[in-house]
Amino acid sequence: MFEIIRNASIRGKLVLAMVLFDLVITATYTWRGYDTHSSAIRAGIDRRLLSAAQGIAFALPEGLSQVLMDSAGFPDSTYRELSRNLQRFADVNHVTYLYSFEMKNDSVRFLISSNRDSQLLDGSYVRHLASYPDASDSLLACFAHGGEVFESTRDEYGNWRSALVRKSTSDGRTYVLGADIDIQDIQDRVRKSLFQSLAIGLVGFLVILYASLKLADGITTPIRRLEEQTRKIVAEGFDIEGFDTSILRGIWDRFKDESGRLAFAFLAMLQDLSEHIRQLQIETTRRNKVESEMAMAGEIQKNYLPKAPDPRIGDRILLAADSRPARSAGGDLYDHFMVDDRHLVIAVGDVSDKGMPAALFMAISVTLLREGSYRGLAPDAVVRAANASLFRHNDLCQFLTLFFAVLDLETGDAVFVNAGHNPPFIRRKDGGLEKIKDRHGPAVGVMPDMAYKFGSFHLDRDDTLVMYTDGVTEAFDPEGNLYGDARLENFLSGVDGNREPQDLLDAMWKDVALHVDGAEQSDDITTMVLRCTRTGTYT
């Protein structure tokens, strides 16, 4: 599930997030609305019960309670008429029953109770001074302490919500007035409130969902258009000169947020890349040393890396390299080329991020490094010039870690610059392993006007130089454990130093694959192995 979400489109993620937010808001509103309304219903019914109970004293003739207490032989016809009037008062106040109790000799009995006409006709009405043996604790507490008492009770007639209030006669005797309502009536009103809250919540959910979909479309539409334009330029063979940029310019004109700035950066990148391609074509034609042009966008990674060593290397160097992107296009690079009959340029680098933007950044980086080398610049000057150019047009804040060196094939001496990259290893012919630890500055493209330093190393016959990107040491197994620097050093220390570079490279890939154990590749992986077989000044 998480993998599906992670690989979903931006629009899908936005819609999912908004729907989840909508559900939380709707559920919270519905529950709070229902809880508030149902509490208000119960509180209102309690107030109504209390008002009806207190109103009994005003609905009956003044002093009647004292008369009822004193008159064991109260006329039944008069009692029934008073009971009928009390029922009318109950109906007006929307309660089920009204009644009055007295306590005598620790026994509770009715003074009067509301009765319906049907009860009065069939004789099932509650009579004057009828005993009430099922007095609740709340009723007894009301007699004892007074105040306003609310209770919920169950008897043979149903479930009831009651309000009780104690009163006193003029001679100081106490009696209790009460009002009942069927709890089913309360539950019906609460259930109706729940349905209303659910209906309102559903309408609110649909409204917010519609707004969320419109908002997601507004955010992702320019991004989808940028993706379509990127695919289009790849499909058209990276024909920058003939590419219609009106859609990209439309995005820039319409959207002034990150989408608009991304479209502007893409336009600027296309313009700069077009210029670099033109310069590369001029250099290729003039010097006839560059083996291929910059590939079109869909072919950048697989066609831009060198296919084979320069024939001028001869048998002085054996060289093998490979790059495997984590996606269809990656940001790792390696390069090796002769700038004359004696000097070999080697480079391994890692562009931040992955995918098409990293591949484009890689192409520009390789172009700049080659351009500076063919102009005869020293390694530190080549990296410094590339850094200045990349930083100047780096609106996406990408960068390149780089190991860049020029090896003299006659002497075995090399001058190198390490710009924030993983340190290479030299496997000496006697089996010793050395790490080239020097670093001469930050990654390329991060800071302007960087003055990179340089270092040097020496290769004897049968010495092997191993270069790689962090995709090797940061390869994860299914449990999330890294391959790591220590395992790489142990592998290089234990491997047969007389193996051909391609065999050593294949063995390194197999060791990484053994560690990964089928886990998905999380980063681009690039390796280059160079073995010195002969130089001109020593044997």
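Buried means under 20% relative accessible area, exposed over 50% and partly exposed in between, with a 1.4 Å probe and protein chains only. The model is predicted: local features need pLDDT of at least 70, side-chain atom pairs count only at pLDDT 80 or more, and totals for chains, interfaces and linings use all residues. Residues are numbered from 1 along each chain as its sequence is written, and side-chain values use heavy atoms, with hydrogens and water left out.

**Stop 1: Pro 306**

Select Pro 306, in the loop between helix 10 (300-304) and strand 6 (317-324). Helices (H or I, at least four residues) and strands (E, at least two) are DSSP runs, numbered from the N terminus. Pro 306 counts as buried because its relative accessibility is 12%. Next, show its contacts (heavy atoms within 4.5 Å). Leaving out residues up to four places away in sequence, Pro 306 touches Tyr 334, Asp 335, His 336 and Arg 370. The C-alpha atom of His 336, 30 residues away along the chain, is 7.0 Å from that of Pro 306.

**Stop 2: Asp 332**

Move to Asp 332 in strand 7 (residues 332-338). Asp 332 has a relative accessible area of 0%, so it is buried. Its side chain makes a polar contact of 3.1 Å with the side chain of Thr 526; such a contact is a pair of N or O atoms within 3.5 Å, where, within protein, one must be able to donate a hydrogen and the other to accept it, and residues adjacent in sequence count only if both atoms are side-chain atoms. A polar atom of the Asp 332 side chain also lies 3.5 Å from the backbone nitrogen of Ile 525. Beyond four places in sequence, the residues in contact with Asp 332 include Ser 323, Gly 349, Met 362 and Thr 469.

**Stop 3: helices 11 and 12**

Select residues 356-374 (helix 11) and 379-392 (helix 12), whose axes come within 9 Å and cross at roughly 140°. Axes are lines fitted to C-alpha atoms, for helices over the stretch in contact, and angles run from 0 to 180 degrees between N-to-C directions. Helix 11 is therefore oblique to helix 12. Angles under 35 degrees count as roughly parallel, over 145 as roughly antiparallel, 65 to 115 as roughly perpendicular and the rest as oblique. On the helix 11 side, the residues that meet helix 12 include Phe 361, Ile 364 and Leu 368; Val 382 and Ala 386 are among their counterparts in helix 12.

**Stop 4: helices 14 and 15**

Finish with helix 14 (residues 484-494) and helix 15 (residues 501-516), packed at about 140° with axes 11 Å apart. Arg 487, Leu 488, Phe 491 and Leu 492 form the helix 14 side of the contact, and the helix 15 side includes Leu 504, Met 508 and Asp 511.
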